[in-house]
Amino acid sequence: MEGQNKSITFDGREIRLTTGLYAPQASGSVMIECGDTSLLVTATKTAKKEASDFLPLICDYEEKLYAAGRIPGGFMRREGRPPERATLISRLIDRPMRPLFPTWMRDEIQIVASCLSLDERVPADVLAVTGASIATLLGEIPFYGPMAAVRVGLIGDDFILNPSYREIEKGDLDIVVAGSPDGIVMIEAGANQLSEQDTIEAIDFGYEAVTELIKSQEDLLKDLGIKKIKPSDPEEDTSLPSYLEKNCSKAIDLVLKKFDQSKEERDHELEKIKTETQSKIDALKDDNQVKVLTAENEKLIHSDFKKLTKKLMRSQIINDGKRVDGRDLDEVRKITASAGILPKRVHGSALFQRGLTQVLSTATLGTPSDAQEMDDLNPSTEKTYLHHYNFPPFSVGETRPMRTPGRREIGHGALAERAIIPVLPGKETFPYVLRVVSEVLSSNGSTSMGSVCGSTLSLLDAGVPLKAPVSGTAMGLIKEGKEVRILTDIQGIEDFLGDMDFKVAGTEKGITALQMDMKITGLPVSTISDAIKKARPARLHILEKMKEAIEKPQESLSPHAPRLLSFRIDPELIGTVIGPGGRTIKGITERTNTKIDIEDGGIVTIASHDGAAAEEAQKIIEGLTRKVHEGEIFSGLVTRIIPIGAFVEILPGKEGMVHISQLSEARVERVEDVVRQGDEVTVRVREIDSRGRINLTLRGVAQNGGMSYPEPTPTPVAPLN
């Protein structure tokens, strides 16, 4: 077997491409490599199996744990359901690819990106996106490409291309920009309250790099002698669209201009027009006035009716500057918000509503052991903040089976999670693991941004000291020729029939998350810049409404939330606290009825519903880990008697021994002649031997008759990196 090897020099790195060797039965395939990261990306097209009014595109990102030299966990010891990050990368491939296929295409297309080797310096996701474009072009599938993606990070004041995992963690920006020759088609970003101007500059910086990769793909096709397929619209029977436009336009236009009607009323009126029209067409069909195949009649009418509705709605926005609900282009829907709506057994709760979009968010405070372990290829192995988004069928007035979360739910949850993470308190000041669940109770556009707002409110209600509140809004776009209109706070119909869904989340200070999806083949940076700038006043308006519900964290936690104490010990003394076989730490938890977690860096977190019990456990651990020095004097309790001496607990959990010869200035025949178990005595540390054992003495020490533990000097908790 022989393949062709090509390479692209990009940002000082070499991207290696192998074509014609792997997966020969796929329509197109490429092995794309950079550093030690290797991905096999395939694109396969098959003829459509049944009539459809959408493009049946499937994009899958497959992680193989052997790529990082690991064996999967669990009973089966093999890869199973894709982990959350793999699902998000599958969406990252799908979102920029989908708008670049012809709108008329109905063939089944599947893109599979398999990560076969992972280099921590070279994240695989952006390589997978670019590889999807190359595989599609090599397969000669109709496609408005090439398309490429890059990641932009911000370290200090400098933008960097395709940072490593470690650089992403340290930086203030993680943004993926994907683009085509026509402009930007997708943005996915998380940022540490970055200003709008800096964010725009990062997007511009990223798209410049994207154009280099697009040019490299065009050169690759030329070198391989592969001609890029230029999609051309097939000939279509225009009798049905013409009939609909002639007979339905006026009725649809009247419905769209009834600004005072509800979404339900508008949908009902449009459905009524479509049903009546279909009945008329069925009657005309035998006369051959409208050439429609009987089997596809209903689907074609639905598709063409939707196209006509889209055309009229867009015309109304372009020409009249009015939307279907009567709002101006930059107007936000009515907002209501409230916090603490559920009993305090739920640690924090809030209800956020914007127009007909309504989200119930709840916050739960957990202990460090509640962190989610991540069994995937990403070097980060656990999550301490989780956001789960649920979209039940009743939220859109539908019925369907309730299944496990789909890609959409996972993606929306991850976006809301990314928006909140930059404002969470540090582990050293608030060591809780946090879970927020957003239940979409009603949906009419921008539920993910409603989840961001609801998350902020519920976290504040739970007493989480956020650095700043976060709000979000979805921006839309209508583009007809050179005419462009940007819409603020889009609702469902504007999302479905518009050209862009651009979600912008952030604080008063700056942006924390972005997600942009297109339905056209690209937009210039200048248009995206306008959308980002117009999102800011909408975000600030929403923040003001949220502050009316709750402005700062609740001063006290729910009585049903665990109480946590967090402090640092010397990492070398972790074994002392745990004890042989875990007996010491188990004894402390049983004695105090607490839950104790110790991290490798020496951070100890104690959880309890009883604050006094948590303090007792802390006192015991600090006693175990406190260094004792010769000459120190302690008051302690005699815990054990043996023939050669007595053991005295000088600090919680820490004992020393008084040899029988050190019990008194005079000779002692029996230990019990001087002390008995349970006595309180004052002792001095005589020596600490080479094995760390503490030897005590009563000789020359005045007895005060009372037991008291000297307070240990607290060890300050250093900030965690």
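This is a predicted model: local features need pLDDT of at least 70, side-chain atom pairs count only at pLDDT 80 or more; totals for chains, interfaces and linings use all residues.

Biologist: Why is strand β24 described as largely enclosed by the rest of the structure?

Modeller: A residue counts as buried when its relative accessible area is under 20%, and 6 of the 6 residues of β24 (residues 603-608) are buried, so the strand is largely enclosed by the rest of the structure.

Biologist: What makes β22 and β24 a pair?

Modeller: Two strands pair if there are at least two bridges between them, and strand β22 (residues 563-568) has 6 bridges with β24, in the antiparallel sense; Leu-564, for instance, has Ala-607 as its bridge partner in β24. Strand β23 (residues 595-598) also runs antiparallel to β24, joined by 4 bridges, with Ile-598 opposite Val-604. In the hairpin of β23 and β24, 4 residues lie between the strands, and Gly-602 takes a positive phi near 100 degrees.

Biologist: Why are helices α9 and α11 called roughly parallel?

Modeller: Helix α9 (residues 447-461) and helix α11 (residues 525-549) pack at an angle of about 30 degrees, their axes 11 Å apart. Angles under 35 degrees count as roughly parallel, and therefore α9 is roughly parallel to α11. The contact is made by Cys-453, Thr-456 and Leu-457 of α9 together with Ile-542, Met-546 and Ala-549 of α11, and these residues divide into 5 nonpolar, 1 polar and no charged.

Biologist: How do you know that Asp-495 counts as buried?

Modeller: The cut-off for buried is under 20%, and Asp-495 has 19% relative accessibility, so it counts as buried. Asp-495 is placed in helix α10 (residues 492-497) and, leaving aside neighbours within four places in sequence, is in contact with Ile-490, Asp-501 and Lys-519.

Biologist: What makes β1 and β5 edge strands?

Modeller: The open sheet has 6 strands in the order β1-β2-β3-β4-β6-β5, with mixed pairing, and β1 (4-10) and β5 (57-63) each pair on one side only, as edge strands. For β5, strand β6 (residues 108-117) pairs with it in the parallel sense over 7 bridges, where Glu-62 has Ser-114 as its bridge partner in β6.

Notes
Residues are numbered from 1 along each chain as its sequence is written. Side-chain values use heavy atoms; hydrogens and water are left out. Buried means under 20% relative accessible area, exposed over 50%, partly exposed in between (1.4 Å probe, protein chains only). Helices (H or I, at least four residues) and strands (E, at least two) are DSSP runs, numbered from the N terminus. Axes are lines fitted to C-alpha atoms, for helices over the stretch in contact, and angles run from 0 to 180 degrees between N-to-C directions. Angles under 35 degrees count as roughly parallel, over 145 as roughly antiparallel, 65 to 115 as roughly perpendicular and the rest as oblique. Contact means heavy atoms within 4.5 Å. Ala, Val, Leu, Ile, Met, Phe, Trp, Tyr, Cys and Pro count as nonpolar, Asp, Glu, Lys and Arg as charged, and the others, Gly among them, as polar.
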